[in-house]
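Work through the exercises below with the sequence and the model at hand. Each task is followed by a solution in steps.

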Amino acid sequence: MSQISIKQEDRVFVLTGAGISAESGLPTFRASDGLWAGFRVEDVCTPDAWRRDPAGVWAFYSARRAQGSKANPNPAHIALAELEAQLPGRYFLCTQNVDNLHDRAGSRNLVHMHGELAKARCERECGRPPVDDRAIYASLDEVGRCSCGGRMRPHIVFFGEIPLEMPRIEREIAESTLMIVIGTSGNVYPAAGFVNWARQSGAQTVYIGPEPPLNASAFTHIVEGKAGEVLPGLFDVQS
Ligand code: APR
């Protein structure tokens, strides 16, 4: 497939994963030198870890904030923001990434289903919205409290928690005619199942990444390559 043709009647749903930020210098999760290497998921990214060791959880996410602050959007993030600008009202981006590289590239109709690194929220789910927080905490004493008294936690969806904005995501998938999935290994649900939902409603489904994902058989097309090299120039938007 040399180009992806987008017709006037198409509605596009894009799902991205850690692979789209790899060329910005952010490690993916499941590469051998990746983000989970050296950490056990249960130690840093579960509700139980937060109850047992909030200092350890904040140490992990503080390190990721430090790393994220040095990264910049790459040509793949920019190509998606440009695609959105060409498809007003017919484009939706769902990212599993907690970095802010899509936002900084100019994507607007965007949902961070696994949360955002640059925000914190009350651990008590007291109903107050997440707040901007880019601090790199050296100890738990520095972490603030909500006005209800709860400790602030990273605005990150831990394993075992329900991803954010699922009703909106489901609606967008049901309405889409073309799903484009970029840089995600197909290991983590519900995101890994979105392609099946799209197929059920008759959409074309394209995967872009250097190797086929676990759920490769569910895609109608696979484009092998690095996102930053493949995405610029990939879309042919018909006017
Ligand atoms: N361009 C596109 N894809 C790439 C690139 C690249 N330059 N480099 C690597 N990839 C692909 C890999 O081939 C792999 O399939 O990115 C994928 C990264 O997979 P994972 O590390 O499993 O990351 P992801 O699928 O986003 O993880 C999903 O799991 O740990 C949780 O909550 C975390 O959001 C995360 C979720």
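**Exercise 1. Helix α3**

Which residues of α3 are buried in this predicted model, and what covers them? Then check the length of helix α3 against its number of residues.

Solution. 
- Step 1. A residue is called buried when its relative accessible area is under 20%. In α3 this applies to Pro-54, Val-57, Trp-58, Phe-60, Tyr-61, Ser-62, Arg-64, Arg-65 and Gly-68.
- Step 2. The cover over these buried α3 residues includes the helices α1 (41–44), α2 (47–52) and α5 (101–105). Strands β5 and β7 are also among the elements that cover them.
- Step 3. Helix α3 runs over residues 54–68, which is 15 residues. At 1.5 Å a residue it should span 21 Å, and the C-alpha atoms at its ends are 21 Å apart, so the two values agree.
- Step 4. An α-helix has 3.6 residues a turn, so residues three or four places apart point the same way.

**Exercise 2. The largest cavity**

How many cavities of 30 Å³ or more are there, and what lines the largest cavity?

Solution. 
- Step 1. The search gives 2 cavities of 30 Å³ or more. The largest cavity holds about 170 Å³ of space.
- Step 2. The lining of the largest cavity consists of 14 residues, of which Leu-26, Pro-27, Leu-35, Arg-64 and Asp-99 are the closest to its centre. Arg-64 is also one of the buried residues of α3.
- Step 3. Helix α3 supplies the largest share of this lining, 3 residues.
- Step 4. Sorted by class, the lining has 7 nonpolar, 5 polar and 2 charged residues.

**Exercise 3. A salt-bridge network**

Which residues are linked with Arg-153 in a network of salt bridges?

Solution. 
- Step 1. Arg-153 and Glu-125 meet in a salt bridge of 3.9 Å, N to O.
- Step 2. Arg-153 is in strand β7 (residues 152–156) and Glu-125 in the loop between β5 (115–122) and β6 (131–132), so the pair ties together parts 28 residues apart in sequence.
- Step 3. The network links Arg-121, Glu-125, Arg-153 and Glu-161.
- Step 4. Arg-153 has a relative accessible area of 3% and is therefore buried.

**Exercise 4. Ala-81**

Is Ala-81 buried or exposed, and which residues does Ala-81 touch?

Solution. 
- Step 1. Ala-81 belongs to helix α4 (residues 75–86). Its relative accessibility is 10%, so Ala-81 counts as buried.
- Step 2. Leaving aside residues up to four places away in sequence, Ala-81 touches Ala-105, Gly-106 and Ser-107.
- Step 3. From Ala-81 to Arg-104 the C-alpha distance is 9.5 Å, with the two residues 23 apart in sequence.

Note on methods
Residues numbered from 1 in each chain as written. Predicted model: local features only at pLDDT ≥ 70, side-chain atom pairs only at ≥ 80, totals over all residues. Heavy atoms only, no water. Salt bridge = Lys/Arg side-chain N within 4 Å of Asp/Glu carboxyl O. Helix = DSSP H or I, 4+ residues; strand = E, 2+ residues; numbered from the N terminus. Buried < 20%, exposed > 50% of the residue type's maximum accessible area, 1.4 Å probe, protein only. Expected span 1.5 Å × (residues − 1). Contact = heavy atoms within 4.5 Å. 1 Å grid on protein atoms, 1.4 Å probe; cavity = no way out; pocket = protein on both sides within 12 Å on 5 of 7 lines; lining within 4 Å. Points joined across faces, edges and corners; volume = space filled by probe spheres on them. Nonpolar A, V, L, I, M, F, W, Y, C, P; charged D, E, K, R; others polar.
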